[in-house]
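Please consult the sequence and the model shown below while reading.

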Amino acid sequence: MRHAVVTGANRGIGLELARQLATDGWRVSGVCRTSSAELRDAADAVWDGIDVSSADLREALRVAAGEASIELLINCAGILQRETLDDLNVANIRRQFEVNSLGPLRVTEALLPNLVQGSKLVVITSRMGSIADNSSGARYGYRMSKAAVNMAFASLAHDLAAREIAVGILHPGFVRTGMTGGNGNWNADEAAAALLERIGELDLASSGRFVHANGEQLPW
Ligand SMILES: NC(=O)c1ccc[n+]([C@@H]2O[C@H](COP(=O)([O-])OP(=O)(O)OC[C@H]3O[C@@H](n4cnc5c(N)ncnc54)[C@H](OP(=O)(O)O)[C@@H]3O)[C@@H](O)[C@H]2O)c1
(Lines give C-alpha, C1' and ligand atoms only; values in the text may rest on other atoms or scores of the structure.)
Protein backbone atom coordinates (compact mmCIF):
# COMPACT_ATOMS: atom_id res chain seq x y z
CA MET A 1 0.00 0.00 0.00
CA ARG A 2 1.36 3.46 -0.89
CA HIS A 3 2.39 5.47 2.16
CA ALA A 4 1.71 9.20 2.57
CA VAL A 5 3.11 11.39 5.34
CA VAL A 6 1.36 14.71 6.03
CA THR A 7 2.52 17.40 8.47
CA GLY A 8 0.00 19.72 10.14
CA ALA A 9 -2.37 16.78 9.95
CA ASN A 10 -4.32 17.33 13.17
CA ARG A 11 -6.54 20.09 11.77
CA GLY A 12 -7.25 22.39 8.84
CA ILE A 13 -6.07 21.56 5.34
CA GLY A 14 -3.60 18.91 6.55
CA LEU A 15 -6.37 16.96 8.27
CA GLU A 16 -8.48 17.03 5.10
CA LEU A 17 -5.52 15.87 3.02
CA ALA A 18 -4.96 12.99 5.46
CA ARG A 19 -8.66 12.04 5.38
CA GLN A 20 -8.96 12.07 1.61
CA LEU A 21 -5.69 10.20 1.07
CA ALA A 22 -6.90 7.49 3.48
CA THR A 23 -10.21 7.29 1.60
CA ASP A 24 -8.24 6.98 -1.64
CA GLY A 25 -6.48 3.90 -0.27
CA TRP A 26 -3.22 5.40 0.97
CA ARG A 27 -1.63 4.33 4.24
CA VAL A 28 -1.44 7.69 6.01
CA SER A 29 0.92 8.82 8.76
CA GLY A 30 -0.16 12.15 10.23
CA VAL A 31 2.53 14.34 11.79
CA CYS A 32 1.51 16.81 14.48
CA ARG A 33 2.38 18.40 17.79
CA THR A 34 -0.87 17.25 19.40
CA SER A 35 -3.22 14.75 17.82
CA SER A 36 -6.95 15.19 17.36
CA ALA A 37 -9.79 12.70 17.44
CA GLU A 38 -10.38 13.44 13.75
CA LEU A 39 -6.79 12.60 12.85
CA ARG A 40 -6.86 9.40 14.89
CA ASP A 41 -10.00 8.39 12.96
CA ALA A 42 -8.46 9.21 9.57
CA ALA A 43 -4.84 8.09 9.76
CA ASP A 44 -3.22 4.69 10.09
CA ALA A 45 -0.51 6.18 12.28
CA VAL A 46 -0.15 9.43 14.20
CA TRP A 47 3.36 10.76 14.74
CA ASP A 48 2.58 13.21 17.51
CA GLY A 49 4.78 15.31 19.74
CA ILE A 50 6.60 16.56 16.64
CA ASP A 51 7.15 20.29 16.30
CA VAL A 52 8.60 21.08 12.87
CA SER A 53 10.76 23.80 14.42
CA SER A 54 12.25 21.65 17.19
CA ALA A 55 15.94 20.94 17.59
CA ASP A 56 15.39 17.15 17.66
CA LEU A 57 13.09 17.10 14.60
CA ARG A 58 15.39 14.91 12.49
CA GLU A 59 15.79 12.26 15.15
CA ALA A 60 12.08 12.25 16.05
CA LEU A 61 11.03 11.79 12.42
CA ARG A 62 13.62 9.12 11.73
CA VAL A 63 12.49 7.12 14.76
CA ALA A 64 8.83 7.48 13.72
CA ALA A 65 9.44 6.57 10.06
CA GLY A 66 11.89 3.74 10.58
CA GLU A 67 12.63 1.93 7.32
CA ALA A 68 9.19 2.52 5.80
CA SER A 69 9.16 3.89 2.28
CA ILE A 70 7.22 7.12 1.73
CA GLU A 71 5.65 7.61 -1.69
CA LEU A 72 4.16 11.02 -0.86
CA LEU A 73 5.39 13.61 1.65
CA ILE A 74 3.20 16.69 2.12
CA ASN A 75 4.53 19.56 4.22
CA CYS A 76 1.39 21.38 5.30
CA ALA A 77 2.19 22.70 8.81
CA GLY A 78 2.42 26.48 8.88
CA ILE A 79 1.67 29.61 10.85
CA LEU A 80 0.49 33.10 9.96
CA GLN A 81 1.27 36.02 12.21
CA ARG A 82 0.51 39.64 11.63
CA GLU A 83 3.15 42.37 11.61
CA THR A 84 2.88 45.91 10.38
CA LEU A 85 5.44 48.67 10.00
CA ASP A 86 4.03 50.17 13.21
CA ASP A 87 4.57 46.90 15.05
CA LEU A 88 7.44 44.99 13.43
CA ASN A 89 7.69 42.07 15.81
CA VAL A 90 11.00 40.54 14.77
CA ALA A 91 10.55 37.51 17.03
CA ASN A 92 7.31 36.72 15.19
CA ILE A 93 9.03 37.06 11.85
CA ARG A 94 11.83 34.74 12.95
CA ARG A 95 9.28 32.23 14.23
CA GLN A 96 7.54 32.14 10.84
CA PHE A 97 10.87 31.42 9.16
CA GLU A 98 11.47 28.58 11.63
CA VAL A 99 8.08 26.97 11.00
CA ASN A 100 7.22 27.92 7.40
CA SER A 101 10.64 27.93 5.72
CA LEU A 102 13.05 25.79 7.71
CA GLY A 103 10.33 23.40 8.92
CA PRO A 104 9.49 21.90 5.50
CA LEU A 105 13.16 21.80 4.47
CA ARG A 106 14.19 20.04 7.68
CA VAL A 107 11.25 17.59 7.54
CA THR A 108 12.28 16.78 3.97
CA GLU A 109 15.92 16.30 4.91
CA ALA A 110 14.96 13.98 7.77
CA LEU A 111 12.70 11.81 5.60
CA LEU A 112 14.78 11.81 2.40
CA PRO A 113 16.15 8.31 3.09
CA ASN A 114 12.55 7.04 3.02
CA LEU A 115 11.61 8.65 -0.30
CA VAL A 116 11.98 6.30 -3.24
CA GLN A 117 12.23 6.62 -7.01
CA GLY A 118 8.87 8.01 -8.15
CA SER A 119 7.94 9.51 -4.76
CA LYS A 120 6.34 12.96 -4.69
CA LEU A 121 7.36 15.77 -2.36
CA VAL A 122 4.98 18.68 -1.75
CA VAL A 123 4.95 21.91 0.20
CA ILE A 124 1.73 23.77 0.88
CA THR A 125 2.96 27.30 0.43
CA SER A 126 1.06 30.51 -0.27
CA ARG A 127 0.72 32.94 -3.14
CA MET A 128 1.50 35.52 -0.44
CA GLY A 129 5.09 34.35 -0.97
CA SER A 130 4.95 35.58 -4.56
CA ILE A 131 6.90 38.82 -5.09
CA ALA A 132 5.26 39.40 -8.49
CA ASP A 133 1.77 38.93 -7.00
CA ASN A 134 2.27 41.20 -3.97
CA SER A 135 -0.31 43.92 -4.53
CA SER A 136 -1.15 44.74 -0.90
CA GLY A 137 2.06 44.69 1.17
CA ALA A 138 2.34 43.99 4.93
CA ARG A 139 2.45 40.46 6.43
CA TYR A 140 6.26 40.67 6.45
CA GLY A 141 7.05 37.41 8.23
CA TYR A 142 4.49 35.31 6.40
CA ARG A 143 5.31 36.66 2.95
CA MET A 144 9.07 36.40 3.50
CA SER A 145 8.88 32.90 4.97
CA LYS A 146 6.72 31.60 2.13
CA ALA A 147 8.99 33.19 -0.52
CA ALA A 148 11.92 31.44 1.19
CA VAL A 149 10.24 28.04 1.23
CA ASN A 150 9.36 28.45 -2.44
CA MET A 151 13.05 28.92 -3.17
CA ALA A 152 14.01 25.91 -1.05
CA PHE A 153 11.57 23.66 -2.88
CA ALA A 154 12.62 25.02 -6.29
CA SER A 155 16.13 23.87 -5.36
CA LEU A 156 14.82 20.51 -4.14
CA ALA A 157 13.16 20.02 -7.54
CA HIS A 158 16.59 20.28 -9.17
CA ASP A 159 18.42 18.27 -6.54
CA LEU A 160 15.94 15.39 -6.43
CA ALA A 161 15.34 15.07 -10.20
CA ALA A 162 18.13 12.49 -10.52
CA ARG A 163 16.30 10.35 -7.94
CA GLU A 164 13.10 10.83 -9.98
CA ILE A 165 11.32 12.58 -7.12
CA ALA A 166 8.88 15.27 -8.33
CA VAL A 167 8.35 18.39 -6.21
CA GLY A 168 5.08 20.33 -5.95
CA ILE A 169 4.94 23.91 -4.64
CA LEU A 170 1.21 24.38 -4.11
CA HIS A 171 -1.01 27.26 -3.00
CA PRO A 172 -4.30 25.99 -1.52
CA GLY A 173 -6.39 29.07 -2.30
CA PHE A 174 -8.09 31.16 0.41
CA VAL A 175 -9.41 28.44 2.69
CA ARG A 176 -11.80 28.58 5.67
CA THR A 177 -9.61 27.28 8.52
CA GLY A 178 -8.30 28.37 11.89
CA MET A 179 -5.55 30.28 10.11
CA THR A 180 -8.02 32.56 8.34
CA GLY A 181 -10.49 32.82 11.23
CA GLY A 182 -12.98 30.86 9.17
CA ASN A 183 -12.82 33.29 6.23
CA GLY A 184 -12.12 32.07 2.74
CA ASN A 185 -13.42 31.18 -0.68
CA TRP A 186 -13.78 27.48 -0.04
CA ASN A 187 -13.68 24.87 2.69
CA ALA A 188 -10.69 22.74 3.64
CA ASP A 189 -12.21 19.60 2.12
CA GLU A 190 -12.69 21.35 -1.23
CA ALA A 191 -9.16 22.77 -1.15
CA ALA A 192 -7.70 19.38 -0.21
CA ALA A 193 -9.54 17.67 -3.07
CA ALA A 194 -8.15 20.22 -5.54
CA LEU A 195 -4.63 19.92 -4.08
CA LEU A 196 -4.79 16.13 -4.45
CA GLU A 197 -5.77 16.56 -8.11
CA ARG A 198 -2.67 18.72 -8.63
CA ILE A 199 -0.55 16.15 -6.77
CA GLY A 200 -1.98 13.42 -9.00
CA GLU A 201 -0.86 15.37 -12.08
CA LEU A 202 2.59 16.16 -10.66
CA ASP A 203 5.46 14.52 -12.53
CA LEU A 204 9.11 15.20 -13.30
CA ALA A 205 8.14 17.44 -16.23
CA SER A 206 6.08 19.73 -13.95
CA SER A 207 8.38 19.43 -10.92
CA GLY A 208 9.33 22.71 -9.25
CA ARG A 209 6.40 24.77 -10.53
CA PHE A 210 4.45 27.12 -8.26
CA VAL A 211 0.81 26.19 -8.79
CA HIS A 212 -2.58 27.22 -7.36
CA ALA A 213 -4.88 24.39 -6.26
CA ASN A 214 -7.14 25.46 -9.15
CA GLY A 215 -4.36 24.56 -11.59
CA GLU A 216 -3.24 28.11 -12.43
CA GLN A 217 0.54 28.53 -12.60
CA LEU A 218 1.58 31.34 -10.23
CA PRO A 219 4.34 33.89 -10.81
CA TRP A 220 7.32 33.87 -8.47
N1 LIG B 1 -6.01 28.76 4.96
C2 LIG B 1 -5.57 29.46 3.90
O3 LIG B 1 -6.30 30.29 3.32
C4 LIG B 1 -4.16 29.27 3.42
C5 LIG B 1 -3.76 30.03 2.30
C6 LIG B 1 -2.48 29.86 1.81
C7 LIG B 1 -1.63 28.94 2.40
N8 LIG B 1 -2.04 28.21 3.48
C9 LIG B 1 -1.09 27.27 4.05
O10 LIG B 1 -1.70 26.01 4.23
C11 LIG B 1 -1.09 25.33 5.32
C12 LIG B 1 -2.18 24.82 6.27
O13 LIG B 1 -2.89 25.95 6.75
P14 LIG B 1 -4.34 25.84 7.42
O15 LIG B 1 -5.15 26.90 6.80
O16 LIG B 1 -4.79 24.45 7.44
O17 LIG B 1 -3.96 26.35 8.89
P18 LIG B 1 -4.41 25.87 10.34
O19 LIG B 1 -5.81 25.37 10.32
O20 LIG B 1 -4.03 26.99 11.24
O21 LIG B 1 -3.47 24.60 10.61
C22 LIG B 1 -2.08 24.79 10.74
C23 LIG B 1 -1.46 23.44 11.02
O24 LIG B 1 -0.03 23.63 11.16
C25 LIG B 1 0.37 23.05 12.38
N26 LIG B 1 1.54 23.69 12.96
C27 LIG B 1 1.72 25.01 13.22
N28 LIG B 1 2.91 25.21 13.78
C29 LIG B 1 3.51 23.98 13.89
C30 LIG B 1 4.75 23.54 14.40
N31 LIG B 1 5.65 24.39 14.91
N32 LIG B 1 5.03 22.21 14.34
C33 LIG B 1 4.13 21.34 13.83
N34 LIG B 1 2.93 21.70 13.34
C35 LIG B 1 2.63 23.01 13.37
C36 LIG B 1 -0.84 23.23 13.31
O37 LIG B 1 -0.71 22.37 14.42
P38 LIG B 1 -1.19 22.85 15.90
O39 LIG B 1 -2.60 22.42 16.03
O40 LIG B 1 -0.24 22.11 16.81
O41 LIG B 1 -1.01 24.35 15.99
C42 LIG B 1 -1.95 22.82 12.34
O43 LIG B 1 -2.01 21.43 12.19
C44 LIG B 1 -0.14 26.32 5.97
O45 LIG B 1 1.18 26.06 5.55
C46 LIG B 1 -0.62 27.65 5.43
O47 LIG B 1 0.42 28.63 5.40
C48 LIG B 1 -3.29 28.36 4.01
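## The loop between β5 and α5

Arg 139 is placed in the loop between β5 and α5 of this predicted model. Its phi is positive, at about 50°, although Arg 139 is not a glycine. Ala 138 lies in the loop between β5 and α5 as well. Ala 138, also not a glycine, has a positive phi of about 55°. For context, most residues other than glycine have a negative phi.

Are these residues buried or exposed? Arg 139 counts as buried because it has 20 C-beta neighbours inside 10 Å, and the cut-off for burial is 20 or more. Ala 138 is exposed because 12 other C-beta atoms lie within 10 Å, where exposure requires 12 or fewer.

Helix α4 covers residues 90-111, a run of 22 residues. From its first C-alpha to its last, α4 reaches 30 Å, which is close to the expected 32 Å.

Where does α4 bend? The bend is at Leu 102 and amounts to about 45°. A proline, Pro 104, follows within four residues of that position.

## Buried residues of helix α4

The buried residues in α4 are Gln 96, Val 99, Asn 100, Ser 101, Gly 103, Pro 104, Val 107, Thr 108 and Leu 111.

Which elements do the buried residues of α4 pack against? Their partners include the strands β1 (3-7), β4 (70-75) and β5 (115-124). The helices α3 (57-65) and α5 (140-160) also pack against them.

Terms used
Residues are numbered from 1 along each chain as its sequence is written. This is a predicted model: local features need pLDDT of at least 70, side-chain atom pairs count only at pLDDT 80 or more; totals for chains, interfaces and linings use all residues. Helices (H or I, at least four residues) and strands (E, at least two) are DSSP runs, numbered from the N terminus. The expected span of a helix is 1.5 Å times one less than its number of residues. The bend at a residue is the angle between axes fitted to the seven residues ending there and the seven starting there. Two residues are in contact if their C-beta atoms, placed from the backbone, lie within 7 Å.
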